Amino acid sequence: MMVIPAISLSTNLTVSTNITASSAPTTLHKHRLHNSTLKSLSKSGKLDEALRLIESSPSKSPATAPDVEACALFLHSCISRKALEHGQRLYLQLLLYRDRCNHNLLNNPTLKGKLITLFSVCGRVDEARRVFEEGGEDVDLPQSVWVAMGIGYSRNGYPKEALLLYYEMVCQFGQLGNFAFSMALKACSDLGDLRTGRAVHAQVLKATEDPDQVVNNALLLLYSEDGCFEEALRVFDGMPHRNVVSWNSLIAGLVKKDGVFEAIEAFRIMQGKGMGFSWVTLTTILPMCARVTALGCGKEIHAVIVKSTAKPDAPVLNSLTDMYAKCGAMDYCRRVFNGMLGKDLTSWNTLITGYAINGQMMEAMESFQEMICSGFSPDGITFIALLSGCSHAGLADDGCRLFEMMKMDYGISPTLEHYACLVDVLGRAGRIKEALEIVKNMPFKPTGSIWGSLLNSCRLHGNVPLAEAVAKRLFELEPNNAGNYVMLSNIYANAGMWESVKVVREFMEKRGMTKEAGCSWLQIKSKIHTFVAGGSNKFRNSVEYKKVWKRLMEAMEEVGYVPDTGVVLHDVSEEMRAMWVCGHSERLATMFALINTASGMPIRITKNLRVCVDCHSWMKTLSKVTGRVIVLRDTNRFHHFKDGVCSCKDYW
């Protein structure tokens, strides 16, 4: 009997089984390690290394593809760093996995939403839309992906497309959520589409889900920006929770309706509730303070900035310097400017403009040279500030030199506004022929502002024939601008041509045109007081007014002041002329300030029209006899009256 050696078949089978069984766990382990490493690199922001890891893996097997969580983390890091190229390369890899091994991660809602967000924050709306449409109608996208696309449109200045997408969502889903509502309301705000915004608001009220903080803030912003303050207030009062954004929207609404003190009070309440503030809060209030010359309120905001532990950014400090400049407080403006560490071109332009409008052209030119030496190149705004300053200071030669410098030294092509400034510079200086040559040869069609500047020059220099020719052009361009007719009427009145004055005024009456009433205002404590020419009878008839007026006029006549009733451009008696001059709004405001503020305090007044010659002389004399500094901002510029002298040197 042959003995057959034992062969351990079971051992062979075991070996074979071990080989087969051990290969799957090894691959799975590598795949997990690959994704774990990818997540770690993405979290730490090492995008180059993470991308190399993705691209080094073969794209022929689903087993080598990164998982959704790893890709999502990578894209999240790309979004926060606006790393467009890294995101595009991941997108390419996902396309390769889809085409080569039928493994489509691009239909995953999380990845789709993040890719759309990345491309939209990087300004690639077309690429975002391509990702959104990936897969066509076969892919059932959740609302979050639609909203990501809508936000992408809004972020890149396509609010109309965002709203169209919202309409599609309404058709697709019926019931929408807060993310969709906030996206649609933002688009309505950007478009100024209040009607659609109200329709979205109605859908918010009908929704099963209560509106969240973001939706309420979006509603508040919509109504505030459209001037519907009552509706904005209702939304604000009905909000269960308010944050800084909510308060900012309320303050913006108050500012829009010229409620500067209400805005300040809202800001105080906001602080009292421990809400804090953002720099947006302050950059909303400061321009309003500048517009109504509310220096006291502006200083209050400045104090808040100084006390803040956070370092103010350049836009806040630029707003602060602008506020001081437009309130005529150039010493404060310069102090804030000097303390700025991160000055930009806007900072320099604000300073130069401030000096120019306040009649300090030497300081404006010095600041211009300082800006150049600091490495900043001027832009068109810089030269508009300098040219307009030269116009009001009578520096015609300097203005012409600056105009040429702008073109030759800095390569800035003059705009229509620059030509308008140059025409004004020459016209005010009496060089009207040169101004006309500029108008004839400039590469733009003359606008109403340019002809209006020429008409004003005719008024200043008594050129009636040219004024009539210029006015004719103006009436063709701006047939409904009452100011042009008033100026021509004044030119006739200055020349004693009362019949022509009558013709112009009768024509205005026939067309229903009325002259804008002179209006002046000033801030005393926490209130703005407004005065209209010929008004405030109760104040003017008060015992206190008459007493102060009598004492002032006696003192002013002693130093040689004589009223110039020639500024009253009506064919009336001398007594009536004197009465009308005394009723000019800037005088009423000045008298009110004299009576209601402490001796020695500066008086700051803003007027909606140009100050008249006699009021200018009156204020110069008043500053001398009272020792008060008077700062008057009219429609053209600032006048600083001190010790009987004005900063404009009687040229304005």
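**A loop beside a sheet**

Tutor: Ser536 lies in the loop between strand E2 and helix H29 (537-540). Helices (H or I, at least four residues) and strands (E, at least two) are DSSP runs, numbered from the N terminus. This is a predicted model, in which local features need pLDDT of at least 70, side-chain atom pairs count only at pLDDT 80 or more, and totals for chains, interfaces and linings use all residues. Residues are numbered from 1 along each chain as its sequence is written, and side-chain values use heavy atoms, leaving out hydrogens and water.

Check the backbone of Ser536. Its phi is near 55°, a positive value in a residue other than glycine. Most residues other than glycine have a negative phi. Ser536 is partly exposed, because its relative accessible area is 25%. The scale uses a 1.4 Å probe and protein chains only: buried is under 20%, exposed is over 50%, and partly exposed is in between.

Lys82 also has a positive phi without being glycine, with a value near 50°. Its loop runs between helix H3 (68-81) and helix H4 (84-101). Lys82 counts as exposed because its relative accessibility is 55%.

Back to E2. This strand belongs to an open sheet of six strands, ordered E2-E1-E3-E4-E5-E6, with mixed pairing. E2 (527-532) and E6 (645-646) are the edge strands, each pairing on one side only. Two strands pair if DSSP finds at least two bridges between them. Take E1 (residues 519-524) and E3 (residues 603-607): their pairing is antiparallel, over two bridges. Ser520 stands opposite Lys607 in E3.

A helix covers part of this sheet. H32 (residues 585-596) lies across E1, E2, E3 and E4 (630-633), running at about 20° to E1. Axes are lines fitted to C-alpha atoms, for helices over the stretch in contact, and angles run from 0 to 180 degrees between N-to-C directions.

Now another loop. Ala294 is found between helix H15 (279-291) and helix H16 (295-307). It is buried, because its relative accessible area is 0%. Leaving aside residues up to four places away in sequence, Ala294 touches Cys289, Cys327 and Gln523. Contact means heavy atoms within 4.5 Å. Met513 is 219 residues from Ala294 in sequence and 32 Å from it in space, C-alpha to C-alpha.

Next, a helix pair. The axes of H11 (residues 213-225) and H12 (residues 229-238) come within 8 Å and cross at roughly 165°. That angle makes H11 roughly antiparallel to H12. The classes are: under 35 degrees roughly parallel, over 145 roughly antiparallel, 65 to 115 roughly perpendicular, and the rest oblique. The crossing is left-handed: the near helix is turned anticlockwise from the far one by less than a right angle. In H11, Asn216, Leu219, Leu220, Tyr223 and Ser224 meet Phe229, Glu231, Ala232, Val235 and Phe236 in H12.

Beyond four places in sequence, Asn216 touches Pro211, Val235, Met239 and Pro240.

H22 (residues 396-408) has 13 residues and reaches 18 Å from its first C-alpha to its last, close to the 18 Å expected. That expectation is 1.5 Å times one less than the number of residues. Ala396, Gly399, Leu402, Phe403, Met405 and Met406 are buried in H22. The buried residues of H22 pack against H20 (361-373), H21 (380-393) and H23 (416-428).
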